[in-house]
Amino acid sequence: MPGERCLAGKMGSCSHQRIIHEHLDSNDDKNWRRAWFYEYFYENPYNFAPYTLAVRTDAAKLIKYPGHDDWTELFDLSTDPYETKNLFADPAHKDLRDQMLAEFDKQEQAVKYQKPAKMDEPKPEEQKRNFGF
């Protein structure tokens with residue numbers, strides 16, 4: 001299936017996208033990544049999102065806010081694709097929580113994650129106004 005840009009005629013040739021889609025559709029690559037680790041940093045002057053680290057799989061997402069363990073979020077994407085119900089503290093989802101915490105640690109180690117030495121930090125007044133602490 002060609003991508004949206006290909007269908008809209010925005011690309012001269014769609015062969016590259018077609019190869020990617022054929023690869024994804026075949027699902028025969030045993031080495032294909034099953035989890036994705038990502039980060040988002042607080043940015044001045046775009047100060048509405050806190051520093052985040054997360055891991056996502058095809059079925060779940062775990063989001064951590066360094067320095068704020070009580071903010072940790074866990075979503076079961078197979079039943080809640082819009083991420084409306086945080087399951088992290090729900091005892092009924094302990095297995096999913098433990099699985100995603102282990103995956104987070106595995107992916108964090110795999111990429112040798114280190115907090116950058118230079119990154120924006122919120123000013124105390126912005127931190128209180130935007131994040132409530």
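Author: Two strands pair if DSSP finds at least two bridges between them. Strands (E, at least two residues) and helices (H or I, at least four) are DSSP runs, numbered from the N terminus. This is a predicted model, in which local features need pLDDT of at least 70, side-chain atom pairs count only at pLDDT 80 or more, and totals for chains, interfaces and linings use all residues. Residues are numbered from 1 along each chain as its sequence is written, and side-chain values use heavy atoms, with hydrogens and water left out.

The part to look at is strand 3, residues 60-64. Start with its neighbours. Strand 3 pairs with strand 4 in the antiparallel sense, over four bridges. One link there joins Ile63 to its bridge partner Glu73 in strand 4. Strand 3 also pairs with strand 2 (residues 52-57), again antiparallel and over four bridges. Here Leu53 has Lys64 of strand 3 as its bridge partner. Strands 2 and 3 make a hairpin, with two residues between them.

Next, burial. Buried means under 20% relative accessible area, exposed means over 50%, and partly exposed lies in between (1.4 Å probe, protein chains only). Four of the five residues of strand 3 are buried, so the strand is largely enclosed by the rest of the structure. Across the chain, buried residues make up 30% of the 133 residues.

Ala59 sits between strand 2 and strand 3. Its relative accessibility is 32%, so Ala59 counts as partly exposed. Contact means heavy atoms within 4.5 Å. Not counting residues up to four places away in sequence, Ala59 touches Phe75, Asp76, Leu77 and Ser78. Ala59 and Leu77 are 18 residues apart along the chain, yet their C-alpha atoms are separated by 5.0 Å.

Thr52 belongs to strand 2. At 12% relative accessibility, Thr52 counts as buried. Beyond its neighbours within four places in sequence, Thr52 contacts Ile63, Lys64, Tyr65 and Pro66, and also Tyr38, Glu39 and Tyr40.

Two cores matter here. A nonpolar core is a set of buried Ala, Val, Leu, Ile, Met, Phe, Trp, Tyr and Cys residues joined through side-chain atoms within 4.5 Å. The largest has 14 residues, and Leu62 is among those with the most contacts inside it, as are Leu53, Val55 and Leu74. Strand 1 (35-40), strand 2, strand 3 and helix 3 (94-110) each give two or more residues to this core. Helix 3 gives the most, with three residues. Apart from this core lies another, of five residues, including Ala54, Ile63, Tyr65 and Phe75. In a regular strand the side chains alternate between the two faces of the sheet.

Where does the strand sit in the whole fold? The chain has four helices and four strands. Their order along the sequence is α-α-β-β-β-β-α-α.

Last, confidence. pLDDT is the predictor's confidence in each residue, from 0 to 100. The chain averages 76, and 59% of the residues score at least 70. Among the elements, strand 4 (residues 73-76) has the highest mean pLDDT, 97, while helix 1 (residues 4-7) has the lowest, 44. Over residues 1-13 the pLDDT stays under 50, and the model has twelve contacts for them beyond four places in sequence.
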